[in-house]
Amino acid sequence: MTKDEALDRLSQLARAQAFGHHVGSDRLIQAGLDALLADVDAPSLALLAGLGRREEHEARELFDHVKEELGLGFEVPADPIAARWALAYWLAAQIVDGSLDPATGADLIWVEAATELGYPDRLQSIVHCAIELDDWNANWSTPLEQLKEEVLVAARTLIESGGPESPL
């Protein structure tokens, strides 16, 4: 893992936490270890990476220190609508970069963003794919991989349409 990849992973975990997703202590510790091995330099990183099973309860606090030391903090917008849009774009970006399975990502966008936003037009193609994926079975004429590819295309289109700050 390169230094940039390790920093990106730490950043993704920080965003996941900010959006209220559960990030296990084991993942925080492993990300810390990977970052340490990739020569990321932060005073609390070695402490996080060195936590044992009995010390896992300290991982969140140490991860907070690492985020602060590396400037990886992320604040979810205070406005609930802006926060849901930020979540949708973040999930779409993960689908596009391959760090999130398209089926899982489409479902998360559907449940955690589109529903709360009243199913806006920008998210309709992803929601449509999520519904089809939710109902999919092996007897369908449409292959599962084709549906996942449609999610990827829809996520890429969403990203290219501009960030959550662009006019809705």
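Start by selecting Asp39, an exposed residue with a relative accessible area of 61%. The 61% puts Asp39 in the exposed class because exposed means over 50%. Keep in mind as you look around that this is a predicted model.

Asp39 lies in the loop that runs between helix H2 (25-37) and helix H3 (45-49). Now check its backbone: phi of Asp39 is near 70°, a positive value in a residue other than glycine. Most residues other than glycine have a negative phi.

Next, select Tyr119, where you will find another positive phi in a residue other than glycine, here near 55°. To place Tyr119, show helix H6 (102-117) and helix H7 (124-135) and look at the loop between them. Tyr119 has a relative accessible area of 38%, so it counts as partly exposed, a class that sits between the 20% and 50% cut-offs.

Now turn to the surface. Select Asp4, Glu5, Asp8 and Asp97 together, and you will see a patch of negative charge. Which helix gives the most to the negative patch? Colour helix H1 (residues 3-18) to find out: H1 contributes three residues.

Zoom in on Asp97, a member of this patch. Asp97 belongs to helix H5 (residues 80-97). Is Asp97 exposed or only partly exposed? Its relative accessibility is 46%, so Asp97 counts as partly exposed.

Notes:
Residues are numbered from 1 along each chain as its sequence is written. This is a predicted model: local features need pLDDT of at least 70, side-chain atom pairs count only at pLDDT 80 or more; totals for chains, interfaces and linings use all residues. Side-chain values use heavy atoms; hydrogens and water are left out. Patches are made of residues with over 30% relative accessible area and no salt bridge: like charges are joined within 9 Å, nonpolar side chains (Val, Leu, Ile, Met, Phe, Trp, Tyr) within 5 Å. Accessible areas come from the Shrake-Rupley method with a 1.4 Å probe; for residues, only the protein chains shown count as cover. A salt bridge is a side-chain nitrogen of Lys or Arg within 4 Å of a carboxyl oxygen of Asp or Glu. Lys and Arg count as positive and Asp and Glu as negative; His and the chain ends are not counted. The place of a charge is taken as NZ of Lys, CZ of Arg, CG of Asp or CD of Glu. Helices (H or I, at least four residues) and strands (E, at least two) are DSSP runs, numbered from the N terminus. Buried means under 20% relative accessible area, exposed over 50%, partly exposed in between (1.4 Å probe, protein chains only).
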